[in-house]
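Trainee: Could you take me through the salt bridges in this model, and then through whatever else sits around them? I would like one connected walk, with the cut-offs spelled out.

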Amino acid sequence: QVQLVESGGGLVQSGGSLRLSCAASGIAFRFSTMGWYRQAPGKERELAALVTSGGNTNYADSVKGRFTISRDNAKNTVYLQMNNLKPEDTAVYYCYCNVAAALGVRNVYWGQGTQVTVSS
């Protein structure tokens, strides 16, 4: 059974920092692309950051220079360090996993989400 368990969300003032963690189980973590998506009220879910199994990263333009995604394959955990947070970063943040299955199929899994609220 695949599980993605997020932690680290909360309330922070504008300019502050938070670190999100996502602990994965039931998957071949080191071969997975991991990431963080976010969904603000009334908006669609959007990519914040991704890290591939090879360590390549991709960021939304809105978070570049402020957010850093990293992974620890020994702990099956992906992190999102968020600095200089802004009120527009307020959203539910979801852990994302994309992993190869048999016959060229890729499976996608989501965490339950963690709320990040940035006050002005």
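Mentor: Happy to. Let's begin with Asp 89 and Arg 66, whose side chains meet in a salt bridge at 2.7 Å, N to O. Here a salt bridge is a side-chain nitrogen of Lys or Arg within 4 Å of a carboxyl oxygen of Asp or Glu. Asp 89 lies in the loop between strands S8 and S9, and Arg 66 in the loop between S6 (57–59) and S7 (67–72), so the pair ties together parts that are 23 residues apart in sequence. Strands are DSSP runs of E with at least two residues, numbered from the N terminus. Both Asp 89 and Arg 66 are buried; buried means under 20% relative accessible area, exposed over 50%, and partly exposed in between, with a 1.4 Å probe and protein chains only.

Before going on, a word on the source: this is a predicted model, where local features need pLDDT of at least 70 and side-chain atom pairs count only at pLDDT 80 or more, while totals for chains, interfaces and linings use all residues. Residues are numbered from 1 along each chain as its sequence is written, and side-chain values use heavy atoms, with hydrogens and water left out.

Asp 89 also forms a salt bridge with Arg 38, the closest N and O atoms being 2.9 Å apart. Arg 38 lies in strand S4 (residues 33–39) and Asp 89 in the loop between S8 (77–82) and S9, so this pair ties together parts that are 51 residues apart in sequence. Arg 38 in turn meets Glu 46 in a salt bridge, at 2.9 Å from N to O. Arg 38 counts as buried at 5% relative accessibility, whereas Glu 46 is partly exposed at 37%. Together, Arg 38, Glu 46, Arg 66 and Asp 89 are linked in a network of salt bridges. The count of salt bridges by this rule comes to four.

Now follow the chain into S9. A disulfide (a pair of cysteine sulfur atoms within 2.5 Å) joins Cys 22 to Cys 95, with the sulfurs 2.1 Å apart. Cys 22 is in strand S3 (residues 18–25) and Cys 95 in S9, so the pair links distant parts of the chain, 73 residues apart. Cys 97 is in no disulfide; its nearest cysteine sulfur, that of Cys 95, is 7.4 Å away. The torsion about the S-S bond of Cys 22 and Cys 95 is about -85 degrees, so the disulfide is left-handed. Cys 22 is buried at 0% relative accessible area, and Cys 95 also counts as buried at 0%.

S9 (residues 91–100) pairs with S10 (residues 106–110) in the antiparallel sense over five bridges; two strands pair if DSSP finds at least two bridges between them. Within this pairing, Val 108 in S10 is the bridge partner of Asn 98. The two strands form a hairpin with five residues between them, and Leu 103 in the turn has a positive phi of about 60 degrees.

Finally, look at the rings. Ring pairs link Tyr 37, Tyr 96 and Trp 110 into a cluster; rings of Phe, Tyr and Trp (its six-membered ring) pair if their centres lie within 6.5 Å, and planes under 30 degrees apart count as stacked, over 60 as edge-to-face and the rest as tilted. Tyr 37 counts as buried at 18% relative accessibility, and Tyr 96 is buried at 10%. Tyr 37 and Trp 110 are edge-to-face, 5.1 Å centre to centre with 75 degrees between the planes.

How values were computed: Helices (H or I, at least four residues) and strands (E, at least two) are DSSP runs, numbered from the N terminus.
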